[in-house]
Amino acid sequence: MNHIVKPYPLTHPYVLEFPQASDMRGHLTYIEPSHDLPFLVRRLYYLYAVPPHARRGGHAHRTLFQCLIALAGSFDVMVDDGFAVTRYTLAQPTVGLILPPMVWRELEHFRPDSICLVLASDEYDAGDYIRDHEEFRRLAGVTP
Ligand code: T46
């Protein structure tokens with residue numbers, strides 16, 4: 001079950017910028033999920049040591065909200081809502097890409113030493129994944 005805390009757009013991906021405190025010692029970015037995200041965080045995980053030619057994702061989620069952040073390095077995220085494809089390059093630790101349910105995502109072009117932090121609205125549930133693109137298009141209402 002997702003816990004939506006703010007009336008953000010809940011059907012389209014979008015990019016958020018998080019605050020940064022900087023001084024001579026470097027930078028610090030902070031996220032307060034109950035204020036800054038359109039969902040409460042129940043899980044986090046991270047992708048790292050991804051080979052340059054590897055692709056991650058290749059699925060949609062039925063109910064899960066996620067926020068993707070490039071903590072280090074950079075990578076591309078292809079997002080498909082069934083009707084249009086949008087490509088994002090994540091390259092700053094102050095930027096989060098919000099992915100609502102029912103969007104197909106593929107991550108690729110990881111630069112060496114990239115780290116992708118993912119904040120997720122629910123615990124891991126293999127049943128929440130849609131791994132067949134045709135099934136995704138049907139469920140998204142694109143094809144009958
Ligand atoms: C997503 C993209 C961005 C778990 O046991 N628990 C977890 O919380 C996760 C995320 C994965 N796993 C297991 C399931 C598989 O045996 O870890 C293995 C690799 O997972 P997967 O092939 O789904 O990894 P990605 O990088 O293709 O996808 C992941 C997330 O699963 C997915 O929700 O949006 O990162």
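Select Cys 116 and show its sulfur: the closest cysteine sulfur belongs to Cys 67 and is 9.3 Å away, too far for a bond. The model you have open is predicted. Cys 116 is buried, with a relative accessible area of 0%.

Now select Cys 67. Its sulfur has Cys 116 as the closest cysteine partner, and at 9.3 Å the gap is too far for a bond. Cys 67 is likewise buried, at 0% relative accessible area. A disulfide is a covalent bond between the sulfur atoms of two cysteines. With a cut-off of 2.5 Å between sulfur atoms, the count of disulfides comes to 0.

Next, the ligand. Display the residues around the ligand; there are 13 of them, and Arg 43, Arg 56, His 61, Gln 66 and Tyr 129 come nearest. Take three of these side chains in turn.

- Arg 43: a polar atom of its side chain lies 2.5 Å from a ligand oxygen.
- Gln 66: an N or O atom in its side chain is 2.7 Å from an oxygen atom of the ligand.
- Arg 56: the distance from a polar side-chain atom to an oxygen atom of the ligand is 2.8 Å.

Switch to a surface view of the ligand. On its own the ligand has 650 Å² of accessible area, and the protein covers 67% of that.

Which elements give two or more residues to the shell around the ligand? They are strand E4 (43–48), strand E5 (56–61) and strand E10 (104–108). E5 supplies the largest share of the shell, with 4 residues. Colour the shell by residue class, and it divides into 5 nonpolar, 4 polar and 4 charged residues.

Stay with strand E10 and select Glu 106, which has its place there. Is Glu 106 buried or exposed? Glu 106 is buried, because its relative accessible area is 15% and the limit for buried is under 20%.

Finally, show what else surrounds Glu 106. Leaving aside neighbours within four places in sequence, Glu 106 is in contact with Arg 55, Arg 56, Gly 58, Asp 76, Val 77 and Met 78.

Methods: Residues are numbered from 1 along each chain as its sequence is written. This is a predicted model: local features need pLDDT of at least 70, side-chain atom pairs count only at pLDDT 80 or more; totals for chains, interfaces and linings use all residues. Side-chain values use heavy atoms; hydrogens and water are left out. A residue is near a molecule or strand if one of its heavy atoms lies within 4 Å of it. A polar contact is a pair of N or O atoms within 3.5 Å; within protein, one must be able to donate a hydrogen and the other to accept it, and residues adjacent in sequence count only if both atoms are side-chain atoms. Accessible areas come from the Shrake-Rupley method with a 1.4 Å probe; for residues, only the protein chains shown count as cover. Ala, Val, Leu, Ile, Met, Phe, Trp, Tyr, Cys and Pro count as nonpolar, Asp, Glu, Lys and Arg as charged, and the others, Gly among them, as polar. Buried means under 20% relative accessible area, exposed over 50%, partly exposed in between (1.4 Å probe, protein chains only). Contact means heavy atoms within 4.5 Å.
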